[in-house]
Amino acid sequence: MKTTLKLTDEEQDMLGGKYGKTLQKAMQIIVGLGTIYDAERLIPVTSAQVAGVSYDNLGEAGLSFLESLAAEGITSRIPATLNPAGMDLKNWQALGIDADFAEKQLRVLRAYERLGIQTTCSCVPYLIGNQPTYGEHIAWSESSAVCFANSVLGARTNREGGPSALAAALTGRTAEYGYHLDQARQPTVRVIVESTPSSHTGFQTAYYGVLAKLISKKTAQAGKKGIPWIEGIDQISIEELKSFSASLATYGGQALFHIQGRTPEADLFPPPRQTIKISNLEVQKEIQRLRNVVKDEIDFFTLGCPHLSLREIEKIAQLVKGKSVNVEFWLTTAREIKQAADQQGWTEIIEQSGIKFSCDTCCVVAPIRGRFKALATDSLKACYYGASKHQLAVAALSIEELIDLACSAGGKS
Ligand code: F3S
């Protein structure tokens with residue numbers, strides 16, 4: 001491959017095939033991207049988050065590509081974690097996954113394991129030990145996690161695809177372009193938020209998902225799709241930032257935002273001149289619009305997009321204690337987070353209500369097409385993909401409303 005990138009001797013050897021075909025392929029991906037985006041050099045990365053795990057998305061071609069890469073025995077050079085799979089790796093039968101799918105999904109996991117990727121299967125690596133610090137260069141490929149890492153942690157990553165994040169894990173390199181550079185992190189539009197949530201519970205995840213959706217829509221309408229510099233958000237918790245990041249990345253494709261007084265790079269920049277406003281009325285209208293589903297038709301409830309934090313599980317346990325639901329209701333989270341909830345006794349309280357944990361996966365990447373008619377969730381990202389991928393009617397509600405509704409729909413409260 002011809003490139004104008006300046007490569008070190010070791011990088012040149014990888015590209016030339018000295019270390020085998022797997023590293024050669026990986027380096028071709030990195031160099032290819034660097035060439036397209038006019039990078040001058042490659043830089044070391046300290047962490048990777050690899051998407052492209054669900055067999056529902058990968059199919060047979062993806063599985064055999066991974067198995068061919070894994071055959072050579074090359075492993076990741078840096079700590080690397082994995083995005084959600086298509087099923088709970090232990091409890092898949094109880095959650096209605098068929099055996100053929102499960103067999104293929106487990107082969108995908110074994111291939112990643114042989115490539116030295118930690119099979120964490122979560123989209124919140126930053127809550128389970130893969131938490132980069134300010135200024136670290138990383139290669140992540142989960143859009144919600146990318147947006148969170150860039151904006152909230154101040155780490156530096158482009159929106160990698162699954163193959164390029166895997167290539168970065170194997171080579172320990174990425175091309176230096178985009179969000180790795182100072183100039184690409186400057187805000188492009190000032191956003192004045194004139195709306196506040198009804199209360200500061202720290203769990204207003206649906207509200208912040210709606211707010212992020214409106215910000216991405218309005219910045220696009222104004223021709224200023226890019227990096228918002230946001231003022232008017234006084235209090236926002238990690239869980240709310242997680243939801244906000246997922247929604248902004250989904251509806252606007254954004255990978256970075258700054259919130260005055262809250263995110264680490266906001267004060268490095270003056271507010272951009274071009275300004276848009278988000279009024280309380282607009283937010284309330286959108287919240288109402290997203291409730292416009294016939295409640296009796298909702299046959300699938302889920303929380304955990306992005307995966308639930310331990311604090312969210314505690315909150316859910318408090319809300320469902322002594323209640324019961326008879327509808328299909330999944331909580332999706334990382335297995336490590338559920339294990340911590342087990343120790344606190346929260347899992348037992350939740351499972352007694354009839355709500356199920358579905359670890360390692362989520363409602364978007366699991367093969368649920370055709371199983372349900374209407375989805376209720378607190379996640380604007382799940383709404384988007386529930387409608388577009390699974391053809392579901394969708395409703396976005398707060399965590400409290402969702403649990404109230406599930407209890408009244410399915411049983412006694
Ligand atoms: Fe995570 Fe699945 Fe949502 S990967 S961000 S829970 S779509």
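1. Ground rules. The model is predicted: local features need pLDDT of at least 70, side-chain atom pairs count only at pLDDT 80 or more, and totals for chains, interfaces and linings use all residues. Residues are numbered from 1 along each chain as its sequence is written, and side-chain values use heavy atoms, with hydrogens and water left out.

2. The ligand takes up the space of the largest pocket. A pocket is an open set of points on a 1 Å grid over the protein atoms alone, where a 1.4 Å probe fits, with protein on both sides within 12 Å along at least five of seven lines. A molecule sits in it if more than half of its atoms lie within 2 Å of its grid points. Around the ligand are P84, C123, E142, S144, G304, C305, P306, C362, V364 and K381 (a heavy atom within 4 Å). This shell divides into six nonpolar, two polar and two charged residues; Cys and Pro count as nonpolar, Gly as polar.

3. Cis peptide. The bond from C305 to P306 is cis, with omega near -10°. P306 lies in the loop between β10 (300-303) and α10 (310-320). Helices (H or I, at least four residues) and strands (E, at least two) are DSSP runs, numbered from the N terminus.

4. Open sheet. Four strands are ordered β8-β7-β6-β9, with parallel pairing. The edges are β8 (258-259) and β9, each pairing on one side only. Strands pair if DSSP finds at least two bridges between them. Two bridges join β7 (residues 228-231) to β8, with W229 partnered by H258. Four join β6 (residues 189-193) to β9; there, I192 is partnered by K277.

5. Faces of β9. In a regular strand the side chains alternate between the two faces of the sheet. In β9 (residues 275-278), I276 and I278 make the covered face, T275 and K277 the uncovered one.

6. Helix α7. Its 17 residues (205-221) should span 24 Å at 1.5 Å a residue, and the end C-alpha atoms are 24 Å apart, which agrees. The expected span is 1.5 Å times one less than the number of residues. Of the 17 residues, 13 are buried (under 20% relative accessible area, 1.4 Å probe, protein chains only).

7. Positive phi. C121 has phi near 50° without being glycine. C121 is buried at 0% relative accessible area. D360, also not glycine, has phi near 70°. D360 is buried too, at 2%, in the loop between β12 (356-359) and β13 (374-377).

Key. Buried means under 20% relative accessible area, exposed over 50%, partly exposed in between (1.4 Å probe, protein chains only). On a 1 Å grid over the protein atoms alone, a cavity is a set of points where a 1.4 Å probe fits but cannot get out, and a pocket is an open set with protein on both sides within 12 Å along at least five of seven lines; lining residues have an atom within 4 Å of a point.
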